[in-house]
Structure formats: C-alpha cells, structure tokens
Amino acid sequence: MRTAELRDRQRARCCDVLASVAPTSPTLCDGWDAHDLAVHLWALSHDPLSWAGMVPGLGGLGLRRASLLRDRWSYLDLVARLRAEHGGFRCMPFDGLEDHRHSLGELWMHTQDVARPNAIVQGLVDPPLAEALWRRVCRAATTLRRRLPPGLVIAVPDGRRHRVSAGGPGVLVIGEPGELMCWVYGRRDVADVDIVHSAP
C-alpha cells in the first residue's frame, strides 16, 4: 500500500475518532479539547495566517485565528469537512519528498491524542502502517533531537535501531513504531515503551 493511501486511511480513522467524542472531550495536547484539535487540523491546510502561531513568540496569533475558526462551524460540521479533505496538509509543501510520511505521522499522532484519553479502542497497526511510522519516527526524532535525551537510540522489537543523537550516558527506547511516535512527540505517559539507560 502506498504511503499516500495510508495517510488517507489514517485521516478517515482520525475523523471517526473525533466524531465519536464530544467537542469538549480531553486530548493529550495540553490545554486543547477535541474541538481545538479539529480546528488545528483544519488550519494546517486552510488558514496560513495561523501557521505563524506555531513560531515561538507568535502563539497569540495562532490562538486568535483558532478562535475565529472555532466560531465559524459547529464541531461536527468541521469534522465532516476534515473527512472530505483530500491529499496532505498545505502547510507541508515538501511532504511528497518524504513520501507523505510527515502528514501521515501528524494524523496518526492526533488520532492518538483523542483516542487514548477517551478510552477508544483502535484496530491493530498493520505492517505497512508500522513500517511507514517507523521511517517517520526516525526522521522526526532526528529533527526533534534537541528536545530529547542525549545519546538517544530508538528501536523496534525486530531489532532495528536508529541512533538519534550522540553524547550522554545513552538511552535506548524500545517499542512498536506507533508507541515510539507517542514517546518522541512528548506523549510519554501513554507510550508503551521500554527504556534502557546507558544504551550501547
């Protein structure tokens, strides 16, 4: 299965999860409810002014833009609009160079942000999705390495490893690709991983 197809399937799953909870339901994103998260996903393609809010120091602009979008449509209307979307996020114009794994990872992570705190049971991660998530988490961990422990190595149970950064005593984090995604993206309390200090 092509990564773009995995991304589109994950979008549908994300919308299914969003539609199954109330707009005020909690998420793993600090300070956001489900409605805030849906607004964020919509803004990634349709509100370029809000993208500036992701830059440190410009968060106020992002909040103002999000408030306008939140008032524009009802929660379920917004979820329906997200479901009707096609392709990747417009704020990721170079995602095709990564075979659409950046947008897939975004959708995967935000699906977890809603599903896990609301005890929504999800299907098993099939091998094509697991492989795409593994490749994405290796890239993401390297990009985010300054936020992560020094000497970090991530690994999946089949033995494959990716060294993220040098230095420090070393930390080895082992888990399925989706769980490593949660850990790398800061959702460590819900990530089902094993952590070994002084990694080889």
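Colleague: Which residue in β2 is the bridge partner of A155?
Modeller: In β2, A155 has R161 as its bridge partner. This is a predicted model, in which local features need pLDDT of at least 70, side-chain atom pairs count only at pLDDT 80 or more, and totals for chains, interfaces and linings use all residues. Residues are numbered from 1 along each chain as its sequence is written, and side-chain values use heavy atoms, with hydrogens and water left out.

Colleague: How many bridges join β1 to β2?
Modeller: Three bridges link β1 to β2 (residues 161–163), and the two run antiparallel. Strands are DSSP runs of E with at least two residues, helices are runs of H or I with at least four, and both are numbered from the N terminus. Two strands pair if DSSP finds at least two bridges between them.

Colleague: And in which sense do β1 and β3 pair?
Modeller: β1 pairs with β3 (residues 171–174) in the parallel sense, over four bridges. There, V171 is the bridge partner of L152.

Colleague: Are the β1 residues L152, V153, I154 and A155 buried or exposed?
Modeller: All are buried, meaning under 20% relative accessible area with a 1.4 Å probe, protein chains only. L152 and I154 point one way, V153 and A155 the other. In a regular strand, side chains alternate between the two faces of the sheet.

Colleague: New topic: what does V173 touch?
Modeller: Leaving out residues up to four places away in sequence, V173 touches L152, V153, I154, A155, L180, W183, V193, D194 and I195. Contact here means heavy atoms within 4.5 Å.

Note on methods: Buried < 20%, exposed > 50% of the residue type's maximum accessible area, 1.4 Å probe, protein only.
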